[in-house]
Amino acid sequence: MATMNMLQAINNALDIAMAEDEKVICFGEDVGIFGGVFRATSHLQEKYGKARCFNTPLVEQGIIGFANGLAAQGSVPVAEIQFADYIFPAFDQIVNETAKFRYRSGDLFNVGGLTIRTPYGGGIAGGLYHSQSPEAYFTHTPGLKVVVPRNPYQAKGLLLAAIRDPDPVLFLEPKRLYRASVGDVPEEDYQLPIGEAEITKEGTDITVVGWGAQMEVIGKAVELAEEQGIACEVIDLRSLLPWDADTVAESVLKTGRLVVSHEAPLTGGFAGEIAATIQERCFLYLESPIARVTGLDTPFPLVLEKEYLPDHLKIFEAIRESVNF
């Protein structure tokens, strides 16, 4: 085991994948000798050459269009979009090409080797163009997988699984935790399953669900709840498409209550999908309304970032209100 932060774990996963398979290619804005704006691709160009780790022009639609072409011809591209906020020029390529390539060809062709890495979320005083959480736009797209790690161990295992997965994967990295999240990571090759949630804490009174950077915030809220005698069951989804509805439903059947939290705005957020599914499956077992603790329905503010973000106090209040309903 080695102690790594999330960036080091991601870099290690890319290194392992590139060493194992010469078809793995990394590219994006400034990912070459500079190592990316966050240094996630540090030293990869030095080790594997400019043909396998290289810079692209500042054109996100072109990055993903190029990645689609490479994947269709058998390469295993790992394309980086420098910030998730700038993924939208590539939206047509991802939604209408990447996600549909296999389906529209009757499985004669596919771009399943494609992985798209991109940092998402707030907490770094990045303002409205460097803080967004766009996961819900892509969970509405059959043909994609959407994965979000919460710590270095998950980042390495899930990224290696994403690169080797037979479907295209959007890999959202919580940039607030890039250097803040540190933990023990096996130095050898390993994978974690895509589509399986993880119960990080067992409890009997209420289920609390999140993913990515929000899991740290949920942990603080749960500590406050425990001080008041509330036993919380905490679930990290890890994958949003597909998402592990069975694990969440089984938990809610036990606890009778559910709080879901994410940084993205409330309206149209993925918490709504979770809430709808769980009320269909667990309606007669619910002791209180399903609660959503999310960002606000506004552009992401710079000065008022702390007010915008769903912090541990907001989540704790939702837990308390649900239990006392």
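Rings of Phe, Tyr and Trp (its six-membered ring) count as a pair if their centres lie within 6.5 Å; planes under 30 degrees apart are stacked, over 60 edge-to-face, and the rest tilted. With that in hand, Phe38, Phe83, Tyr86 and Tyr178 form one aromatic cluster.

A word on the model itself. It is predicted, so local features need pLDDT of at least 70 and side-chain atom pairs pLDDT 80 or more, while totals for chains, interfaces and linings use all residues. Residues are numbered from 1 along each chain as its sequence is written, and side-chain values use heavy atoms, with hydrogens and water left out.

Back to the rings: searching the whole structure turns up 13 aromatic pairs. One of them is Phe27 with Phe54, stacked at 5.4 Å centre to centre with 10° between the planes. Phe27 sits in strand β2 (residues 24–28) and Phe54 in strand β3 (residues 53–55), so the pair ties together parts 27 residues apart in sequence. (Strands are DSSP E runs of at least two residues and helices H or I runs of at least four, numbered from the N terminus.) Phe27 is buried at 1% relative accessibility, and Phe54 is buried too, at 17%; buried means under 20% relative accessible area, exposed over 50%, and partly exposed in between, using a 1.4 Å probe and protein chains only.

Phe88 and Tyr137 make an edge-to-face pair, 5.3 Å centre to centre and 75° between the planes. Phe88 is in the loop between β4 (76–80) and α4 (91–98), and Tyr137 is in helix α6 (residues 135–139), 49 residues apart. Phe88 counts as partly exposed at 29%, as does Tyr137 at 49%.
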